[in-house]
Amino acid sequence: MSSNHLKRILIYIGIVLIVVGSLAYLKYRIDKPTVLEFALHSGNSWNVPQKEAYGVYDEAVRLFEEQYDNVQVELKTGTLIQHYSEWFAERVLKGEEPDIFLVLEEDFNTYASIGLFEDLTPYIQRDKDFHEERFYPKSLHAGQYYGNQYTLPFEIAPSFMVVNKTLLEQEGIDIDETEWTWDNFYEICKAVTKDLDGDGFLDQFGVYGYDWDHAFYTNGHSLFTDDGKSIAFNDDELFETIEFMKKIYKLNKGIVVTEDYFDKGKVAFKTFTLPEYRAYGSYPYRILKYEKFEWEAIPLPKGPRGNSSSKLYTVQIGISSRSKQKDMAYEFIKFITNKEEIQHKVWELTYTLPTNQQVVQDIYARNVGEMQDKIIDADFLDGIIENSYVEPHFKLYSQLKQLMDQKVFQIIAQDLDAREGIKQIKDEIQKIIY
């Protein structure tokens with residue numbers, strides 16, 4: 001065999017090895033599963049017991065992996081909600097944050113402002129299978145930052161007020177819900193606030209958990225513009241809110257009303273979320289907390305310039321802007337927030353409400369399980385959600401809201417001049433904004 005012939009054979013063998021290796025590598029890449037990491041926390045923002053901590057997510061992963069061959073979703077679990085922000089921040093600093101993650105409300109603005117979220121707006125705009133109308137509109141709004149959609153809602157938790165019916169019956173008081181105003185609310189609180197045992201100290205009260213912003217949103221519309229560049233509240237609306245809260249505060253004569261008073265049936269009203277209402281309105285937790293009195297949900301009383309409005313809480317899911325699997329991550333969060341089978345599981349396995357409106361209508365239409373007890377009326381729930389508000393998302397919101405909380409509480413607790421206090425609040429806000 002000549003040397004040239006041997007060279008040609010070796011070249012042919014080399015080419016064959018390169019082709020075979022390339023094909024093997026290509027097959028490996030094709031067969032290699034796409035792995036998505038999804039970070040969850042244990043516990044919830046409403047401090048109610050969990051039915052099944054991760055059951056709804058396990059089911060979502062199972063269904064998603066059935067639909068998408070060669071995709072695996074790994075749940076990162078075990079972090080308590082009170083440690084979740086710190087745990088997640090450490091992962092971000094190391095550049096190791098999961099592709100997909102639950103977002104705590106207090107972290108949303110920070111994550112959005114540092115570019116941690118993948119902007120979902122272009123994904124949604126080019127996706128013909130994304131049906132915005134299926135979501136409660138305000139739950140979608142809660143995932144927006146300066147007009148762009150950064151997260152999608154998975155669960156919602158409307159809030160409202162609960163009245164201790166037993167206490168009001170004992171006092172011979174009826175509520176006229178057709179004229180449920182601040183004035184009526186105050187008069188009832190005043191009537192029930194008493195020293196029952198004659199020891200000189202009050203031991204029955206009007207309301208627990210009702211803060212100045214609960215009152216403000218039933219008399220005004222918003223504190224700031226959506227872009228955070230301007231104050232949006234009206235001076236008179238805030239003035240009326242503060243003066244009303246002073247009256248409520250004075251009723252208690254310096255006694256701090258705790259949740260324990262309500263649990264013992266010694267408070268007429270308390271602000272509630274739907275998860276609290278569902279958890280403690282059914283066996284076994286009702287026995288543990290509110291067995292001794294009858295209670296039911298009512299709207300928050302409206303102020304002279306507003307309507308009954310209460311906060312809509314949501315559970316939002318986002319995608320890391322550094323994820324290497326953004327397209328598949330988007331498919332997953334669209335799947336988990338849209339698919340009706342999963343959204344039904346939200347109702348069954350948690351105490352929150354699905355974010356899919358059609359699923360909620362189906363649940364009420366089926367009238368099974370706890371719905372047979374009419375735990376909460378469908379029309380009431382629709383009205384609460386429709387009239388609810390979500391807190392705005394802009395970079396300085398948390399700082400500005402904290403400032404207002406401190407200043408307004410100071411004015412109320414020290415009975416300071418409200419007009420002068422509002423002027424000082426606006427001056428300090430202007431310094432921060434500008």
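Guide: Contact here means heavy atoms within 4.5 Å. The model is predicted: local features need pLDDT of at least 70, side-chain atom pairs count only at pLDDT 80 or more, and totals for chains, interfaces and linings use all residues. Residues are numbered from 1 along each chain as its sequence is written, and side-chain values use heavy atoms, with hydrogens and water left out.

Visitor: How many helices and strands are in the protein chain?
Guide: Both are DSSP runs, numbered from the N terminus: helices are H or I with at least four residues, strands E with at least two. The C-alpha trace spans about 120 × 55 × 40 Å along its principal axes. The protein chain has 19 helices and 11 strands.

Visitor: What share of the residues in the protein chain is buried?
Guide: Buried means under 20% relative accessible area, exposed over 50%, and partly exposed in between (1.4 Å probe, protein chains only). Of the 434 residues in the protein chain, the buried share is 48%.

Visitor: Which residues does isoleucine 342 contact, leaving aside neighbours within four places in sequence?
Guide: Isoleucine 342 sits in helix 15. With 0% relative accessibility, isoleucine 342 counts as buried. Its C-alpha is separated by 9.7 Å from that of phenylalanine 154, 188 residues apart along the chain. The contacts of isoleucine 342 are Val56, Ala60, Leu63, Phe154, Phe335 and Ile336.

Visitor: Which elements do the buried residues of helix 15 pack against?
Guide: The buried residues of helix 15 are Ile342, Gln343, His344, Val346, Trp347 and Leu349. They pack against helix 2, strand 6 (151–164), helix 12 (274–280), helix 14 (326–338), strand 11 (353–354) and helix 16.

Visitor: Is helix 15 parallel or oblique to helix 16?
Guide: Axes are lines fitted to C-alpha atoms, for helices over the stretch in contact, and angles run from 0 to 180 degrees between N-to-C directions. Under 35 degrees counts as roughly parallel, over 145 as roughly antiparallel, 65 to 115 as roughly perpendicular, and the rest as oblique. The axes of helix 15 (residues 340–349) and helix 16 (residues 357–366) come within 10 Å and cross at roughly 60°. That makes helix 15, relative to helix 16, oblique.

Visitor: Which residues of helix 18 and helix 19 make their contact?
Guide: The axes of helix 18 (residues 397–413) and helix 19 (residues 418–433) come within 10 Å and cross at roughly 160°. The two helices are therefore roughly antiparallel. Helix 18 supplies Gln399, Leu400, Leu403, Met404, Lys407, Val408 and Ile411, and helix 19 supplies Ala418, Gly421, Ile422, Ile425, Glu428, Ile429, Ile432 and Ile433.

Visitor: How do the residues of that contact of helix 18 with helix 19 divide by nonpolar, polar and charged?
Guide: Ala, Val, Leu, Ile, Met, Phe, Trp, Tyr, Cys and Pro count as nonpolar, Asp, Glu, Lys and Arg as charged, and the others, Gly among them, as polar. The contact residues divide into 11 nonpolar, 2 polar and 2 charged.

Visitor: What is the phi of asparagine 47?
Guide: Most residues other than glycine have a negative phi. Asparagine 47 lies in the loop between strand 1 (34–42) and helix 2 (55–67). At 69% relative accessibility, asparagine 47 counts as exposed. Although not a glycine, asparagine 47 has a positive phi of about 55°.

Visitor: What is the relative accessible area of tyrosine 146?
Guide: Tyrosine 146 lies in the loop between strand 4 (144–145) and strand 5 (148–149). Tyrosine 146 is not a glycine, yet has a positive phi of about 50°. Tyrosine 146 is partly exposed, with a relative accessible area of 43%.
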